[in-house]
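Open the model in your viewer and keep the selection panel handy. We will take a short walk, one stop at a time.

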Amino acid sequence: MNNLDFLIPQSLREVWDLYKRFPGVRFIAGGTDMMVKIKNSEEKPTALISLRSIPGLSGIEIGEQTRIGAMTTIGDLINHPQLGDMFPVLIQAVKRLGGPQIRNVATIGGNLCNCSPCADTALPLLVLEARAVLKRSEGSREVPLDEFFLGPGESCLLPGEMLTDIILNKPAPGVRATFKKKGRVRMDLSIVSTAVLLEMEGSTRKCKKARIAAGSVAPTPLRLKKVEELFENAEISEKTLIEAQKLAESSVSPITDIRSTAEYRRRIVGVYVKRAIQELLDF
Amino acid sequence: MRKEIVFNLNGSPVFATVEAQKRLIDVLRGPLGEKGTKEGCGEGECGACTVIVDGLAVNSCLYPALEIDGKNVTTIEGLLGAGNQLSVIQQAFVDHGGIQCGFCTPGMVMSVKALLDANPQPTEAEIRDALVGNLCRCTGYVQIIESVKAAAQKLREDK
């Protein structure tokens with residue numbers, strides 16, 4: 001660790017240049033996960049490239065397509081005057097991320113690139129069908145967030161590639177969504193978390209589109225597509241709710257660890273999917 | 001890699017030569033000798049190391065020291081008045097039993113300062129929200145909440 005280089009570039013061009021010059025380099029965003037990993041020797045980079053000083057990587061532009069810079073802090077998401085009106089489920093979720101001291105420095109891009117199965121930003125963004133903009137010196141590409149996570153700590157980012165923006169489409173009228181998180185105490189990593197988005201036909205029980213995501217129940221935050229299909233252009237009833245609960249249980253592959261057991265997680269994810277839908281529809 | 005940094009600490013510019021892997025708390029307690037800021041867990045869970053950077057409460061155990069260059073940092077030492085007189089928040093903690101063993105207190109007080117600077121009249125729910133990142137193993141939090149309410153009221157009266 002004594003030979004660590006800490007590089008603070010001021011532009012993306014400088015980043016690409018540094019990336020080529022320093023093998024074994026890692027990007028660092030807010031640092032709230034990376035600093036702990038370095039301290040515990042889970043990460044042993046020879047150099048860190050801090051992204052905090054690069055203009056253009058943070059900030060929020062609201063529109064038909066909303067752009068959130070990857071280096072935008074969780075606190076800035078919460079404090080933004082319009083973001084919560086357009087995407088209430090995102091704000092509901094990130095308010096449960098850490099405490100104020102973490103939220104003031106942790107970034108949305110860092111939370112996603114850390115690729116934890118329990119990432120609090122991932123679930124609302126998955127149900128909102130966010131797209132991730134990935135850049136490297138040769139150019140840029142856009143991937144659905146759904147395809148971004150590959151495993152714990154593992155994303156689809158290529159060497160030298162960086163997540164720069166999150167893109168969200170304006171939700172259709174009649175879309176409602178909610179986030180639920182089970183933790184032991186208020187400031188905790190989730191034991192299980194879920195996000196559910198429903199697009200309903202007027203004020204009926206007919207569902208046009210459902211997007212359902214779950215965290216801490218698989219190697220990555222994931223969409224429960226089979227459960228979604230159950231509701232696609234279908235009436236939501238007590239019967240389909242119980243079906244959805246069972247299908248959610250069988251769609252996940254949780255593990256037993258320090259926070260909970262596989263059995264408990266499987267049970268809770270079904271209950272939470274059901275409860276989230278009940279809440280959204282006043283069942 | 002070592003680098004010279006300059007930042008504002010409690011209103012005065014300070015210089016330090018810092019190794020790349022050091023965190024803000026290492027600089028405060030090491031070369032600068034400011035021991036008021038405590039390290040509890042070193043992982044961002046307990047909040048004992050809370051300081052204020054450019055107006056925002058942060059965990060100094062998670063903040064890369066080299067990134068503090070050019071910023072404004074306030075620590076518990078910066079709250080004392082002339083002749084080491086306790087600030088309103090500190091005095092309220094003493095008066096209401098918000099301090100017992102004292103290890104969490106500097107971080108707790110800094111979180112409270114960040115809260116009251118932004119929101120002079122917080123509800124109890126807002127106080128609890130602001131302190132969710134600060135653990136105390138002695139008080140059971142009731143006295144801490146009372147201390148914050150008392151400090152908020154005193155600060156409003158003093159205005």
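**Stop one: where the chains meet**

Select chain A and chain B together: across their interface there is one salt bridge (a side-chain nitrogen of Lys or Arg within 4 Å of a carboxyl oxygen of Asp or Glu). To see this salt bridge, pick R52(A) and E67(B), whose side chains meet at 3.0 Å, N to O. This is a predicted model, in which local features need pLDDT of at least 70 and side-chain atom pairs count only at pLDDT 80 or more, while totals for chains, interfaces and linings use all residues. Residues are numbered from 1 along each chain as its sequence is written, chains are lettered from A in the order in which they are written, and side-chain values use heavy atoms, without hydrogens and water.

Next, select the residues in contact (heavy atoms within 4.5 Å): 25 residues come from chain A and 28 residues from chain B. By class, the side of chain A that touches chain B has 11 nonpolar, 10 polar and four charged residues (Asp, Glu, Lys and Arg count as charged; Ala, Val, Leu, Ile, Met, Phe, Trp, Tyr, Cys and Pro as nonpolar; the others, Gly among them, as polar).

**Stop two: E77(B)**

Now centre on E77(B). Beyond its neighbours within four places in sequence, show the residues in contact with E77(B): N10(B), E34(B), K35(B), G36(B) and T37(B).
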